[in-house]
Amino acid sequence: MRFLTLAVGILPAIAQSANIVLSNDDGWAEINIRAVYDKLTQAGNSVVLSAPADNKSGTGSSDAPALPLTKPCEFNSCPTGSPAEGSDASNPRLNYVNSYPVTSMRYGIQTLSPKFFGGLPDLAVAG
């Protein structure tokens, strides 16, 4: 919840719309990251979420290549056997990476940002 409060607090500081890559360590299907995504989008920003497939709290700066899923994503949000990286079928801006938060953010910046923004993001937000 502190993350949501912080994100809502920075919204007024973003004077015009920004291209934002959003991530966390709790997982892509977690309610708070989805709430922050919604608030940033409602404020007029262009947002791409790129977060771990599962809760990776406490993994610090761990980094590893993403691998296909050997078990379902958090909350069964994607099935066993899903690819290493994927997106929500109804919203391609909501993405998971089957690895750590650092790997997820890098994927968002290096792969998703050029796809959706045509270049690097203006801001990377993590919580």
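The chain exposes about 6500 Å², and carbon and sulfur atoms supply 55% of that area. This is a predicted model. Of the 127 residues of the chain, 42% count as buried.

**Overall layout**

The chain has three helices and five strands. Read from the N terminus, the elements run α-β-α-β-β-β-α-β. Contacts across the sequence matter for reading this fold. Among contacts in the chain with a separation of 6 or more, 67% join residues 24 or more positions apart.

**The sheet**

The five strands form an open sheet. Their order is β3-β4-β2-β1-β5, and the pairing is mixed. Strands β3 (85-88) and β5 (123-126) are the edge strands, each pairing on one side only. From one strand to the next, the twist averages 25 degrees. Strands of a sheet pair through backbone hydrogen bonds, either parallel or antiparallel.

| Strand pair | Sense | Bridges | A facing pair |
|---|---|---|---|
| β2 and β4 | parallel | four bridges | A51 and Y96 |

A hairpin of two residues joins β3 to β4.

Which strands does helix α2 lie across? Helix α2 (residues 31-42) lies across β1 (19-23), β2 (46-52), β3 and β4. Helix α2 runs at about 165 degrees to β2. Helix α3 (residues 101-117) also packs on the sheet. Helix α3 touches β1, β2, β3, β4 and β5. The direction of helix α3 makes about 150 degrees with that of β2.

**The disulfide**

How many disulfides does the chain hold? The count comes to one disulfide. A disulfide is a covalent bond between the sulfur atoms of two cysteines. Here the partners are C73 and C78, with their sulfur atoms 1.6 Å apart. The pair counts as a disulfide because the cut-off is a sulfur distance within 2.5 Å. Are these cysteines buried or exposed? Both C73 and C78 are buried.

Notes: Residues are numbered from 1 along each chain as its sequence is written. This is a predicted model: local features need pLDDT of at least 70, side-chain atom pairs count only at pLDDT 80 or more; totals for chains, interfaces and linings use all residues. Side-chain values use heavy atoms; hydrogens and water are left out. Buried means under 20% relative accessible area, exposed over 50%, partly exposed in between (1.4 Å probe, protein chains only). Contact means heavy atoms within 4.5 Å. Accessible areas come from the Shrake-Rupley method with a 1.4 Å probe; for residues, only the protein chains shown count as cover. Two strands pair if DSSP finds at least two bridges between them. Axes are lines fitted to C-alpha atoms, for helices over the stretch in contact, and angles run from 0 to 180 degrees between N-to-C directions.
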